[in-house]
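Dear colleague,

Please find below the structure that I am handing over to you, with its sequence.

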Amino acid sequence: MSFLALEKLAKVWPDGTAAVRGVDLSIAQGEFIVLLGPSGCGKTTTLRMIAGLETPTSGRITLAGREITRLPAAERDIGMVFQFYALYPHLTVAENIAFPLECAGVPRDERMAAARKLAEQLELTALLDSRPRALSGGDQQRVALARAMARKPAVWLMDEPLGTLDASRRADMCDFIRAQQLEHAVPTVYVTHDQEEAMRLADRVVVMNGGEVLQVGAPEQVYAEPASLFVARFVGSPGMNLIEGFSRASQGVTLLESAGVALVKCPKLVREGPVVIGVRPEHVAPDPAGALRGRVALDAFMGSHRYLHVDTGCGRVVALGAADRPSAVGEDIGLSIDPSGVRLFDSDAGSRLA
Amino acid sequence: MSALELVGVSKSFGARAALAEVALSVGEREFVVVLGPTGAGKTTLLRTIAGLETPDRGEVRLFGADCTHSSPAARDIALVFQNFSLYPGKTVRENLAFPLLAPGRELAAGEIGERVQWAAKLLRIERLLDRPARKLSGGEMQRVAIGRAIVRRPRLFLMDEPLTNLDAKLREELRVELRELARRLETPVVWVTHDSAEALSMADRVVALFAGRVVQVGTPRELYLRPATPAVARQLGSPPMNLVEVLRDGAVWRLPNGDAFGAAASDAPQRALLGFRPEHVRLEGGASEALVEVVEHLGPQRVVVLRWGGATVHAAVASSVDVAVHQRLRPAVAAEHCLIWPR
Amino acid sequence: MKWLRWFVVALYLVVATAPLVWMGLSSLKERADTISPHAKFLPTAEAPSDPTSPSFEATFEAYRELSVVHAGAQQSFWGHLGSSVLIGLVSTLASVALGTCCAYGFSRFRLPGAKDWLFFVLSTRFLPPLAVVVPVLIMYRTLDLQGTHVGLIVLYTVFNLSLAVWLMKGFLDEIPRAFEEAALVDGYTRGQAFVRVVLPEARTGMAVTAVFCLISSWNEYGFAMTLNSSGAVTVPAYFAGLQGNIEGMPWPQIAAGALVFVAPIVLFTVLVRENLLRGMTFGTIKQ
């Protein structure tokens, strides 16, 4: 049963550019949905239409069985968290957090107790009586987030709320948002360009590009089974290796070749012809006996592992290497591909073959 | 000879000390990343090297010469700002040529054109050359900003969080691209960031800067495995290192609620902060039970958030490992993977 | 809804332009028509036979007579317009130039007591200018600046300077410091960075400031009247001086002159309109 539903939602700006081209989406009660895509893909516009800050050109939005497409923002019972969120400088941190509850008519003691509880979860207790001016930028943003999440509306909408935070803080805040959302079961639509945030938070990820929804699915599904080349490249850090190649049937298996090298034998059968071979770095391993040979262009240490960027005859390929096995730049190495990780795409349409 | 050497550099703004006794040296082809949280003094450090700030005490040496009091123009250094500093009214070509038109650089028009072409080709922005800067996307702008820096062929590059304002995907691509570019140009780089991935994957050496002080200097691997302080440990790695308060009870570390964590050496302190990396947490064989609160799927790995003995612990396991929320398991961390900070 | 919007706009247009239209009509009349007890608002080629008719014979006589030197005046309208243009333009240029330099200092350097200085600059506008008319008059008499172009130019520049400093400081604060700092690191001097990087970016602000300064000095009346009897009489003072003219107020010429007088301001504003509009979108470059 969908709680929030978007039907053929579209937005065309007055200058004729289509920001959102017919988005269909259905969100269940308590679900965490992340709209993921590059800048300008229409994700923020979609969110703002749900919030009532933009009027759709066409399409319908229903919330809890009631059509809200043209309802003013204030009447929708929606909580919105922005990337830049100003605090009231004349109120203390505690009063700031409690402020939305005051509007909702919650008595003062309850308000303050709620603010204290949120502050505790965010390790802001020491700052409760300070004024926003005295806080660092990161702390201000965390207070803003606490304030935005103090009220429990029908839906939370979040527009890159962590964009301005330091990377090391961001992980903690992700945990906080997820914990709050799970505790109160408020359905949430969250917009980000950061696929890691999306993977962390989402029940379902909605990958968007060019105003259209490209794929909807659980994070691990979108990651493992991308429906198109765009999703394969965009999801994952680094994205999937995509190698222009050729498939040929050979003794009941598909032989994948590129630039004259037999890369891998694939048990799945696909039509013969040109294909794009997609394989994630963790399915490419340095292997002295590997058929694919190349020169290391960059050895990027990541802490628990490393990514080897290798220039091969069929283009740049990224392989996952062990943290304690560095490679020298310029070194010649071999790579082998794990057949279970191979995904095939149509080289013209970019759609998934197998 | 080092390209850059800082000796005891201090700088205060009013009562606030931004840099305290900073010492730093950068080799002639070295890529040094200065890592620290917002407000650690990273930007002040770069501005002092560039000559936009004068240190209260200490010395700035460039290629052996004392430059502490010379003007920014005399230093022949390029600085890429976090906030794009392109001139919006000028085209990309004019923006790129601007540094070459500075007085005292007397280059022939042909030479300027060639250098602009060279930089544009290197950064793959040739097709943007005649576009006004204000019509560029964020990623394009930052490419041009870096082009402006390389076009002069300076002796040293300073980069102030150049990727912070970009989309995550673009950030990841430029990280790789710029690291290779730096190697090709054979010019030393001082790169300032708060981003752990940039520090780990790009640096020859990492300088950890906290509250205006250099806390640790070393290769990314050294800092990752042996961080000098809990703050350095938290700043590096994603998810960052787990830090858990423990008490020693004979030969056992006890977690905040009294549950056993693991074996402790007999000469270990009574109270300590234990640090261990998420990838070193095994999900079985431990001495006490933990509850799985959240499971996150981060591509090749799975991050499991555990409630363990009153502490929150992150574990990173291969995505093939099966774990479910609300499952109870017995995590363990080998003693050799634990760092101990006495309390 | 739509017709209501059009109605409101049309109503406003009529109210706003009616005085100008009336002035335009008057400038085409004979003096007798301007003081006729019957409203005359339909210009025709021939004089109407009926004196109560709303039509009148249109003529450009008033525009030709602008070059007549009236009794009691030393110059024709055109001479006074020249004074207005000279004084207005020079004082505007001076205010904007000085104001920009001064504001740049306040915006970019840590000056001791900067806030107090800024307050002092603003405080020069606390008194209504006319309150100081007597001291200024005495000063000018001593310095022999009375009735000179330089006298009014200096006065208007000084009065507009505080406005210019404050406006320009606001605009310059919006220009990222990194702009000049990048140029400094690139090898430019502070002065060159100011001219080559800051000024082009501050164009919008300078245009806005110039419009304000020009309008205020162009229309200034009090000082122009008191400090002048002869040499540098600006148009507003000249019109006022026509009161009590032996031949009666030359209304058609005043109307014609006023139209001509308004034109340069309109022209100037239109010329810098691009910059004014950009002022509204200022700061849309990602920071």
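This is a predicted model: local features need pLDDT of at least 70, side-chain atom pairs count only at pLDDT 80 or more; totals for chains, interfaces and linings use all residues.

Chain C

The secondary structure of chain C consists of 13 helices and two strands. Its C-alpha atoms occupy a box of roughly 80 × 65 × 30 Å along the principal axes. The radius of gyration of chain C is 24 Å, whereas a compact globule of 287 residues would have one near 19 Å. Of the 287 residues in chain C, 32% count as buried. As for the contacts within chain C, if one takes those between residues at least 6 apart in sequence, 73% of them join residues at least 24 apart.

One helix pair of chain C deserves a description of its own. Helix α8 (residues 177–186) of chain C packs against helix α9 (residues 190–219) of chain C at an angle of about 145 degrees, and their axes are 9 Å apart. The crossing of α8(C) past α9(C) is right-handed. On the side of α8(C), the contact is formed by C:F179, C:E180, C:A183 and C:L184, and on the side of α9(C) by C:R190, C:A193, C:R196, C:V197, C:V198 and C:E201. By class, the residues of this contact between α8(C) and α9(C) are six nonpolar and four charged, with no polar ones.

Helix α2 of chain A

Helix α2 (residues 93–103) of chain A has as its buried residues A:V93, A:A94, A:N96, A:I97, A:A98 and A:L101. The cover over the buried residues of α2(A) includes α3 (108–121) and α4 (137–148) of chain A. After α2(A) comes A:G105, which has a positive phi near 80 degrees.

How do α2(A) and α3(A) lie relative to each other, and at what angle do they cross? Their axes come within 8 Å and cross at roughly 125 degrees, and α2(A) and α3(A) are therefore oblique to each other. α2(A) passes α3(A) in a right-handed crossing. In this pair, A:A94, A:I97, A:A98, A:L101 and A:E102 of α2(A) meet A:R111, A:M112, A:A114, A:A115, A:L118 and A:A119 of α3(A). The contact of α2(A) with α3(A) comprises nine nonpolar and two charged residues, and no polar residue.

Contacts between chains

Between chains A and B, the contact involves 36 residues from chain A and 39 residues from chain B. On the side of chain A that touches chain B, at least two residues each come from α4, α5 (167–184), α6 (195–201), α7 (219–224) and β16 (292–301) of chain A. The largest share of that side, five residues, is supplied by α5(A). Sorted by class, the side of chain A that touches chain B holds 15 nonpolar, twelve polar and nine charged residues.

Between chains B and C, 24 residues of chain B are in contact with 17 residues of chain C. On the side of chain B that touches chain C, α2 (72–75) and β6 (77–80) of chain B each provide at least two residues. β6(B) gives the largest share of that side, three residues. The side of chain B that touches chain C contains 15 nonpolar, six polar and three charged residues.

With kind regards

Technical notes: Residues are numbered from 1 along each chain as its sequence is written. Chains are lettered from A and ligands numbered from 1 in the order in which they are written. Helices (H or I, at least four residues) and strands (E, at least two) are DSSP runs, numbered from the N terminus. The radius of gyration is taken over C-alpha atoms; the globule rule is 2.2 Å times the number of residues to the power 0.38. A residue is buried if 20 or more other C-beta atoms lie within 10 Å of its own, exposed if 12 or fewer, and partly exposed in between; C-beta atoms are placed from the backbone. Two residues are in contact if their C-beta atoms, placed from the backbone, lie within 7 Å. Ala, Val, Leu, Ile, Met, Phe, Trp, Tyr, Cys and Pro count as nonpolar, Asp, Glu, Lys and Arg as charged, and the others, Gly among them, as polar. Axes are lines fitted to C-alpha atoms, for helices over the stretch in contact, and angles run from 0 to 180 degrees between N-to-C directions. A crossing is left-handed if the near helix is turned anticlockwise from the far one by less than a right angle, and right-handed if clockwise. Angles under 35 degrees count as roughly parallel, over 145 as roughly antiparallel, 65 to 115 as roughly perpendicular and the rest as oblique.
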